[in-house]
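Trainee: I'd like a close look at one part of this protein. Please take your time over it.

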Amino acid sequence: MNIIYEPDSIILDPAEHFSISRTFCCGQCFRFMCGEDGVWSGIAFGRTLRCRQDGNTVTLFCSAEEFRNIWYGYFDLGLDYGKVNAAISADPVAAAAAEYADGIRILRQDPWETLVSFIISQNNNIPRIRKIISALCALLGDRLPDGGYAFPTAESIARAGAEALAPIRAGFRAGYIYDAAVRVSTGVTDLEAIAGLDRDTAEQELMKIRGVGKKVAACVLLYGFGFLSAFPIDVWVKRIIDKYYGGSLDPTVFGEYAGIAQQYLFHYERCAAGASEDGCIGKNQAKTLPV
């Protein structure tokens, strides 16, 4: 991937294995949206990013310093997805999904924001998840110079109290958010320490938080801590396992990139079923995966 530094932007040309729309629309993050002008805008790590893709050219509107300090790592641009796809493609089903969903990159998101986001995601749909997160940020997040809001810290949520979360209309999830905030802000749950644990131990630590089961923990490990072998299983992935793997699948068949294989399969199956709420193409353009 060739990186060109311009005064007010960074140009990736060619941006190999990198689709902005697929990356932001595959259900791993919830704060980036595309404007009518085709420019994506969102907030991560307390910074607003605007970006655009024209064919194989991706333009990130940011300074060189911000790119090096935040966005290079956020998009995990050091990972060779050609190598990833080749490894995953040893499995014929995953190979077809990888070809279809090529361009999705697993983001390296802030662990705290990822934890709260996937607590909110339980028994929820993507538009409503976006709405609740947006409301939470406006309620308790710091105001940014451009008018947006940073994701609120654990300390700010813990200080506000569980009752203060009523306006975001998160339902039963509000109690889980507050519990997570108290645990993280007091150090009972140490996110920095979790990052240094092995995957299974890290999962066990996350599951000590109210409302965090195996699926949410796996999402947090994959999207927030960079455990690329984490394999979240939700209703879509269960459907995939039943449909293509005879009801049983050992994720280790995908090796160290099991989480990326899961994302490809998840994205494919939702789009094949006609999902369009987040920019997925329709089912008429999706092929049948090999059985």
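Which element gives the most to the lining of the second largest pocket, and with how many residues?

Mentor: Helix 11, with four residues. Helices are DSSP runs of H or I with at least four residues, strands are E runs with at least two, and both are numbered from the N terminus.

Before going further, know what you are looking at. This is a predicted model, in which local features need pLDDT of at least 70 and side-chain atom pairs pLDDT 80 or more, while totals for chains, interfaces and linings use all residues. Residues are numbered from 1 along each chain as its sequence is written, and side-chain values use heavy atoms, with hydrogens and water left out.

Now the pocket itself. The second largest pocket holds about 280 Å³ of space. A pocket is an open set of points on a 1 Å grid over the protein atoms alone, with protein on both sides within 12 Å along at least five of seven lines; a cavity is a set where a 1.4 Å probe fits but cannot get out, and lining residues have an atom within 4 Å of a point. Points join across faces, edges and corners, and volume is the space filled by probe spheres set on them.

In the second largest pocket, 16 residues form the lining, and the closest to the centre are Arg-199, Glu-203, Lys-214, Ala-218 and Phe-231. Two elements give two or more residues each: helix 10, which runs over 199-206, and helix 11. By class, the lining has eight nonpolar, three polar and five charged residues. Here Ala, Val, Leu, Ile, Met, Phe, Trp, Tyr, Cys and Pro are nonpolar, Asp, Glu, Lys and Arg charged, and the others, Gly among them, polar.

Pick out Glu-203. It lies in helix 10. Glu-203 counts as buried because its relative accessibility is 16%, and buried means under 20% (exposed is over 50%, partly exposed in between; 1.4 Å probe, protein chains only). Which residues does Glu-203 contact, leaving aside neighbours within four places in sequence? They are Lys-214, Ala-217 and Leu-221. Contact means heavy atoms within 4.5 Å.

Look at the largest pocket, with a volume of about 530 Å³. It is lined by 26 residues, and Ser-121, Asn-124, Lys-215, Asp-234 and Phe-266 are the closest to its centre. Helix 11 gives the most to this lining too, with five residues. Four helices supply at least two residues each: helix 6 (126-140), helix 11 (214-224), helix 12 (235-244) and helix 13 (258-272). The lining of the largest pocket divides into twelve nonpolar, nine polar and five charged residues.

Gly-27 sits in the loop between helix 1 (20-25) and strand 3 (32-34). With a relative accessible area of 16%, Gly-27 is buried. Not counting residues up to four places away in sequence, Gly-27 touches Phe-118 and Ile-126. Gly-27 and Ile-126 are 99 residues apart in sequence, yet their C-alpha atoms are 7.2 Å apart.

Now compare Cys-34, in strand 3. At 39% relative accessibility, Cys-34 is partly exposed. Its contacts, apart from neighbours within four places in sequence, are Val-39 and Trp-40. Between the C-alpha atoms of Cys-34 and Glu-256 there are 32 Å, and 222 residues along the chain.

The structure holds one cavity of 30 Å³ or more. The largest cavity has about 100 Å³ of space. Of its 16 lining residues, Cys-29, Arg-31, Tyr-74, Gln-109 and Glu-113 are the closest to the centre. Strand 4 (40-44) and helix 5 (111-120) each supply at least two residues of that lining. Helix 5 has the largest share, four residues. By class, the cavity lining has nine nonpolar, four polar and three charged residues.

Last, zoom out. The protein chain has 13 helices and six strands. Its C-alpha atoms fill a box of roughly 50 × 50 × 35 Å along the principal axes. Of its 291 residues, 52% are buried. Among contacts with a separation of 6 or more, 65% join residues 24 or more positions apart.

Then go back to helix 11.
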